[in-house]
Amino acid sequence: MPVENPRELPRQTPGSTATGTAERPSARLHAQAADSVDATLELLARGDYVADRALATAVFLALRLERPLFVEGEPGTGKTEIAKVLANALGAELIRLQCYEGLDVHDAAYEWNYARQMLEIRLGELRSAALAEPAAGSERREDIARELFSERFLIARPLLRALQAHDVAPVLLIDELDRADEPFEAYLLEVLSDFQITIPEWITVKAPQPPLVVITSNRTREIHDAVKRRCIYHWVGYPDAAREFDILRRKAPGCSEALSRQVVAFVQALREVELYKLPGVSETIEWARALMALDAVALDPDVVENTLGVLLKYQDDIARIQGSEAARLIERVRVEAART
């Protein structure tokens with residue numbers, strides 16, 4: 001039978017032992033890791049993540065208030081990287097749940113090891129058959145039935161693993177939630193509000209220390225308000241030129257300053273063009289690395305035309321930029337460079 005009131009349980013999760021009700025020394029390491037917005041900015045910067053103050057404020061509040069962080073924005077703007085950097089900076093395990101259509105509780109939270117359960121039943125039947133006394137065999141079958149739905153037969157998936165005991169509370173990344181089906185959002189509500197999972201056949205597992213939850217969405221569909229209300233929300237947009245240059249210098253340090261400025265100026269101008277999919281920061285970084293691999297020292301029409309596939313991922317967008325439009329953008333970059 002499930003335990004309906006998780007507060008009556010000992011401080012115990014699958015894979016751990018009861019430790020009493022005293023708070024673990026590491027339970028609030030996340031909140032102490034960044035005691036101000038400025039400290040959070042520095043925390044992210046140490047992981048080479050160049051955040052604006054609004055994002056640092058959202059991360060700080062998620063840490064301090066122990067609330068999930070919901071970050072939404074265009075693909076390639078660094079949403080997933082936030083969780084990776086925080087896990088590394090906090091010395092925490094990163095537990096990642098990659099969402100997809102058809103994702104259910106068995107892949108996301110837990111499932112029972114049915115093969116092992118069936119083997120246990122079969123072994124129990126053989127032992128019972130070997131017993132001379134029918135009453136003893138019946139008692140053995142009842143013992144097996146009670147054991148079938150216990151920790152021994154439980155397989156923990158990312159959501160349940162994040163609620164288990166850790167030396168440092170983990171970072172749970174629920175990546176691209178918009179790819180999952182809407183019913184899965186409803187299942188997440190218990191996790192996001194109470195940091196617990198109810199396993200009907202067993203107990204309600206409550207985290208002894210709340211994980212830092214980071215949820216990302218590319219907004220291919222709207223996420224239900226019930227999810228967003230439980231989170232600190234932040235929209236991650238494209239960075240301005242100064243911040244994108246700073247990002248590029250950190251992520252592609254081998255790129256010369258002159259070429260880096262040209263790359264950023266070109267991408268910034270490209271985002272003003274009406275395209276099906278605008279290049280994100282990740283494309284900016286990859287383009288700079290591609291140009292370095294080609295030993296390019298400056299942008300010219302040939303190198304831009306030959307590498308547009310690094311920046312743009314749709315043929316219609318590439319065709320829109322090739323030729324005169326690429327030449328126009330390169331000339332604009334040169335003019336702006338001459339002014340600085």
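**Rings and charges in a predicted model**

Let's start with a charge over a ring. R261 lies over the face of F245, 4.1 Å from the ring centre. For that label, NZ of Lys or CZ of Arg must be within 6 Å of the ring centre and within 35 degrees of the ring normal. R116 sits over the face of F153 too, at 5.3 Å from the ring centre.

Some ground rules. This is a predicted model, where local features need pLDDT of at least 70, side-chain atom pairs count only at pLDDT 80 or more, and totals for chains, interfaces and linings use all residues. Residues are numbered from 1 along each chain as its sequence is written, and side-chain values use heavy atoms, leaving out hydrogens and water.

Now the aromatic pairs. How many are found in the whole structure? Four. Rings of Phe, Tyr and Trp (its six-membered ring) pair if their centres lie within 6.5 Å; planes under 30 degrees apart are stacked, over 60 edge-to-face, the rest tilted.

F70 and Y233 are stacked, 5.8 Å centre to centre, with 20° between the planes. F70 is in strand β1 (residues 69-73) and Y233 in strand β9 (residues 232-236), so this pair ties together parts 163 residues apart in sequence. Strands here are DSSP runs of E, at least two residues; helices are H or I, at least four; both are numbered from the N terminus.

Is F70 buried or exposed? Buried, at 0% relative accessibility. Y233 is partly exposed, at 38%. Buried means under 20% relative accessible area, exposed over 50%, partly exposed in between (1.4 Å probe, protein chains only).

Last, W112 and F149: edge-to-face, 5.0 Å centre to centre, 85° between the planes.
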